[in-house]
Amino acid sequence: MFSAADHAHMARALRLAAGGLNTTTPNPRVGCVIVQGDQVVGEGWHVRAGEPHAEVHALRAAGSQARGATAYVTLEPCSHHGRTPPCANALIDAGLGRVVAAMRDPNPQVSGRGIELLTLAGIRAEVGLLEAEARELNIGFISRMTRGRPWVRLKTASSLDGKTALLNGESKWITGPAARADVHRLRARACAVLTGVGTVLADDPTMNVREIETSRQPLRVVVDSQLRTPPTARIVQDDSATTLIAHAVDDPARRDALLEAGAFTLHVSNATGRVDLVSLLAELAARGINEVHAEAGATLNGALFSLGLVDEWVMYQAPLVLGHRARGLFDLPELTDMSARQAFNVFDTRKVGQDLRLTLRPEPK
């Protein structure tokens, strides 16, 4: 049974972990609080891959006061050698008396091993305090570890009647400045931003993080079956981030032109001659991508939905109407039976400036 003090210290560890929201990829976001008696003697969080983990920062701050203390960690201490030594061993060497972890490591190869090492060393180890909150913080890392693909967060911006642009393509601006800045916060936490070649040709976007300060730009991924992305496109020419063009047709001349312009390419096709989105996401996971932020047009949006690849839909809805001939959100096949509809659970609702932001997650079928 966890006490009120336990809850308070783990809540603090979770707030610390959120300090690495935009920087820890491909590693999980982890925070740690060390308490001696009723006094906090050390705190820390993991900032970025290759640097010390949260437990190490907290242990350094605690010094000799760590002996016999309790450590609150948002994720089971690692038990394997990666870029840094195992944190479970560091806690053992420091002489901790108790370790409380919010959740087990989702990596099936090591899950439970850190807790086992602590227990074998005589340290009281407990798991499960504020687990739901810890899982939300690392939802992409968990997805990559357990499903072999990133968590896909689809962002759309539309009018009250579900339109994204006028029939002639004009779309600036449907939502207000507060909502647009909020989108950049979502981009900043993602490991990759995904869009389609139609958006590139129509809008010539950079698809980087601009509205907020960030020390890391996510990978930009363009789904472009026919390699139609111009080498002069801003998403290619802008050197603030790396761009990957996923294509299905292998056209050496077009591919080489994009490579010469500074982009990378990935040939990943399906039986219909289009980009295999399932394989693309698996490849991104293999490259350490935890969260994908998708901003695209109706074609790619519809394809992601049709394949069941959207894990979260963030819909910004502006208080205006564009009319039935304006462009819609999704290119989806016609339904002939209501049983085929896709239902969603409303995860969060809030007002951002003058616009409404709905966060939805697919209801299990």
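Trainee: What makes strand β6 (residues 151-158) largely enclosed by the rest of the structure?

Mentor: Eight of the eight residues of β6 are buried, so the strand is largely enclosed. Buried means under 20% relative accessible area. Bear in mind that this is a predicted model.

Trainee: Which residues of β6 point which way?

Mentor: Trp 151, Arg 153, Lys 155 and Ala 157 point one way. Val 152, Leu 154, Thr 156 and Ser 158 point the other way. All are buried.

Trainee: How do you know that β6 pairs with strand β12 (residues 291-294)?

Mentor: Pairing needs at least two bridges. Four bridges join β6 to β12, so the pair qualifies. The two strands run parallel. Val 152 stands opposite Val 292 in β12.

Trainee: What makes strand β13 (residues 312-317) a partner of β6?

Mentor: The cut-off is again at least two bridges. β6 and β13 have six, in the parallel sense, so they pair. Here Thr 156 stands opposite Met 315.

Trainee: What is the strand order in the open sheet of five strands?

Mentor: The order is β2-β1-β3-β4-β5, with mixed pairing.

Trainee: Why are β2 (39-45) and β5 (124-127) called edge strands?

Mentor: Each pairs on one side only. From one strand to the next, the twist averages 15 degrees.

Trainee: How do you know that β1 (residues 31-36) pairs with β3 (residues 70-73)?

Mentor: Four bridges link them in the antiparallel sense. At least two are needed, so they pair. Val 35 stands opposite Thr 70 in β3.

Trainee: Which strands does helix α1 (residues 4-17) touch?

Mentor: Helix α1 packs on the sheet and touches β1, β2, β3 and β4 (98-101). Its direction makes about 145 degrees with that of β1.

Definitions and conventions
Residues numbered from 1 in each chain as written. Predicted model: local features only at pLDDT ≥ 70, side-chain atom pairs only at ≥ 80, totals over all residues. Heavy atoms only, no water. Buried < 20%, exposed > 50% of the residue type's maximum accessible area, 1.4 Å probe, protein only. Axes fitted to C-alpha atoms, helices over the stretch in contact; angles between N-to-C directions. Contact = heavy atoms within 4.5 Å.
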